[in-house]
2 protein chains.
Amino acid sequence: MSKGLPKRSEDYSLWYNELVKRADLAENSAVRGCMVIKPYGYSIWEKMQAQLDLMFKETGHSNAYFPLFIPKSFLSKEASHIEGFAKECAVVTHYRLKNSEDGKSVIVDPEAKLEEELIVRPTSETVIWSTYKNWIQSYRDLPLLVNQWANVVRWEMRTRLFLRTTEFLWQEGHTAHATRQEAIDETVQMLNVYAEFAETFMAVPVVKGVKSANERFAGAEDTYCIEAMMQDGKALQAGTSHFLGQNFAKAFDVKFATKEGGLEHVWGTSWGVSTRLMGALIMAHSDDSGLVLPPKLAPIQVVIIPIYKTDEEFDQITEKAKEITAKLKSKGISVHFDKRDTHKPGWKFAEYELKGVPLRIAMGPRDLENNTIEVARRDTLTKETVDLAQIQIEEYVSEMLDLIQKTIYQKAFDFRTEMTTEANTWDEFLDLIETKGGFLSAHWDGTSETEEKIKELTKATIRCIPLDQKEESGKCILTGNPSKGRVLFARAY
Amino acid sequence: MSKGLPKRSEDYSLWYNELVKRADLAENSAVRGCMVIKPYGYSIWEKMQAQLDLMFKETGHSNAYFPLFIPKSFLSKEASHIEGFAKECAVVTHYRLKNSEDGKSVIVDPEAKLEEELIVRPTSETVIWSTYKNWIQSYRDLPLLVNQWANVVRWEMRTRLFLRTTEFLWQEGHTAHATRQEAIDETVQMLNVYAEFAETFMAVPVVKGVKSANERFAGAEDTYCIEAMMQDGKALQAGTSHFLGQNFAKAFDVKFATKEGGLEHVWGTSWGVSTRLMGALIMAHSDDSGLVLPPKLAPIQVVIIPIYKTDEEFDQITEKAKEITAKLKSKGISVHFDKRDTHKPGWKFAEYELKGVPLRIAMGPRDLENNTIEVARRDTLTKETVDLAQIQIEEYVSEMLDLIQKTIYQKAFDFRTEMTTEANTWDEFLDLIETKGGFLSAHWDGTSETEEKIKELTKATIRCIPLDQKEESGKCILTGNPSKGRVLFARAY
């Protein structure tokens, strides 16, 4: 049962939007482009946050909090940074309201204009580096390894739930180092943390690479990224890690006394992932019946649904369910017994399929008689009857959840493999991008002009220059000019 | 050693400001009234968050996220709400910047004015109730129990780190119920959660009570609060829980189909605590040497400091420290071995006193010989030499941390008892408020006029009508009019 969800094959975009709403993940708010993340959606985000936060702390980072507002003048201190963000900032110009004459509407008091207007942070490099100036004096203060969980605002013209919203939630790491190499190592380390998180927890395989100059973060020397493949053949940038060089240190005059007694600008990095990951998670695995969640991020891993006619049957099933629940909880498995009498079992089956609960256990009168349960996997939509005398339920479920996690990853991995094609002529490139999509691995002459031209002609962009790029001399797919290796093109979210 | 901290007795206010900065808790930012919460301060806030979040979930609440921006018109839908918040809101009027001619400064593009101006949320009742209208149709959708962790902005004229800042972090619970009684029960339940958190984790005793009409939340029928006593004799409101009646349900037309087939407005509550709790924590316990942290909220519970002259001594101490660390960690105790050779032991002692680490273990060559350690308590500033052969270190430390937690609470409790005085005449009231401060328990005639007059004359406000108020007929301290029981007055933060 699909709860009336549109099919992916018919309208992928509509399927996504409807799924996000019907599975209670998020919805549009009264403010254009801003979303409400609903409790069920937020509980998935919380699991992501908890795991990422753990990984950040294991790599030596601490959390802190910096202001929402940034003085307008800060933004222009780093020249390319302002270029990148100027057009998408929300600006606070006033700070007082008053009731109008009718007492019902509210007007802005024109007397209460701010002296210097404030930007609502689109990212926090400027306000953080202006702070780091006071925190860093000597090599003893380095490295400075800080992360922030926060909301940011970028005024987007076209928005989509999770994928591109005016306000979104994210984490932004901002670190300062004594040497260029140490900063590069940090940039790569955090890229690896993101890749590990995506693959091990989200079950989404990613390509690690470096962005071309066109796609680089405004103010960075190099932007590293992880790129994922969605089911419709479009790529999705799932996380970025920037090597900032000394750009922000110079813009905000952040110097440190070296061990040797010199005075040098520090080296910086920044890195972030956002609620966009929710979009990647949904689009990578879900099907026409609804969400498919990897067990490691599922707020409810197992749901137990009773099937009964009499009160006596219900009581017996409840007792059995409690036993099973206790055993599963002892292994750290999250389980929900849905005993509501307001909904029929069939309705509940469809509801938990829609919400992506990895494992469903159903118990009816015949199961009681036979000491069995019916176990249904969300990922494969298959089910089997299990004899409780033959297994230890907590071991069985635990292994099943591991298997589901692996299966989901493998399916996404195989799909990406299938959707990664070498394109060797321009005609082939044009044909593949239109008929198949996916990642096109092709030669490129390394110039921004060619990249822009290809984007103009095909809407495909260079997703990244893979870190594991093979040296292979070839000719640019468009210009025929020499190339030293293949890069990944795709249409992207 | 006090690291040059001002003394509380000389300038309490300066002592507080300096302590917050020097202990690396927070500092002022480049944006007036907005603070930077530094990593050490934030790690205490994280421990608070984790515990509160657990308590919210145990009482059935889920987290969600609502937009930062609120359409201006929403704010005027609940009449007293806009009255309360109109003067302190940040207003977004534009959403685009451009570089000026010189390419260095940034100007707001006057073409890009928003059609409807947006308010940066000072609190989220309006945007949340406008959403609840779509979430609630029937009694089956109730109760709706949602919490949000977020930043909010209130444009304050005079700000102080943690206590009153333009932007602050908080949680805000927003619940909807089918009956008046159920909403009142929720309001009281969350007040009790806050009180338990304050007393058990922050070690800060609080008075539970109800606000007078003057101090009520804008839009509430009743505001419940917990009030704490600071070391300078001023009160601090540490948390509030509001019974909203049907006010916001009516303003946003949120109705539900009852079991009986009727259609009624739902009943609401909201409740919040903020980074202000950090201010309460600091001011309740700390002393002239720095922070005093209750072990349950201390990011580092135990610090181990080696005292040595030779490398060999250092290696031996390190080995011993590792053993102790492993044992403490096995009991879930957080421990830090400070092996930096850039600072002397005496400097480190003062540093960890400043930062409020509850227990300090020092080990020198003589300790190695004797199999002893020196253990110093932060709360009492006492130390003792402990024979490791006589104890199990993990049991010893665990019990010591419990004892410190209790001792800190008891000290604050005794102080509050000492600072709570009955005032029975106006002269006595005037004298007490000037010479002693603290809570004055006094009769009041129940009118807003009298409350305002007393505030005007003494700067003291009614902190609350205690929930455990005794019935006791008396005469109002100011007017002599009849009163049915005593209320608590104090000067407050």
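Let's start with a charged cluster: A:D24, A:E27, A:K38, A:E351 and A:K355 are tied together in a network of salt bridges. Keep in mind that this is a predicted model. Searching the whole structure over all chains turns up 50 salt bridges.

**A salt bridge in chain A**
- A:E434 and A:R491 meet through their side chains in a salt bridge, at 2.8 Å from N to O.
- This pair links distant parts of the chain, 57 residues apart: A:E434 sits in helix α13 (residues 426–435) of chain A, and A:R491 in the segment after β27 (486–490) of chain A.
- A:E434 has a relative accessible area of 56%, so it counts as exposed.
- A:R491 is partly exposed, with a relative accessible area of 24%.

**Salt bridges in chain B**
- B:R377 pairs with B:D379, and their closest N and O atoms are 2.6 Å apart; B:R377 and B:D379 are both buried.
- B:E117 forms a salt bridge with B:K113, with 3.5 Å between the closest N and O atoms.
- B:E117 is at 12% relative accessibility, so it counts as buried, whereas B:K113 is partly exposed with a relative accessible area of 47%.

**Two helices packing in chain A**
- Helix α9 (residues 311–330) of chain A packs against helix α12 (residues 393–418) of chain A at an angle of about 60°, and their axes are 9 Å apart.
- α9(A) and α12(A) are therefore oblique to each other, and α9(A) passes α12(A) in a right-handed crossing.

Terms used. Residues numbered from 1 in each chain as written. Chains lettered and ligands numbered in written order. Predicted model: local features only at pLDDT ≥ 70, side-chain atom pairs only at ≥ 80, totals over all residues. Heavy atoms only, no water. Axes fitted to C-alpha atoms, helices over the stretch in contact; angles between N-to-C directions. Helix = DSSP H or I, 4+ residues; strand = E, 2+ residues; numbered from the N terminus. Parallel < 35°, antiparallel > 145°, perpendicular 65-115°, else oblique. Left-handed = near helix turned anticlockwise from the far one by under 90°. Salt bridge = Lys/Arg side-chain N within 4 Å of Asp/Glu carboxyl O. Buried < 20%, exposed > 50% of the residue type's maximum accessible area, 1.4 Å probe, protein only.
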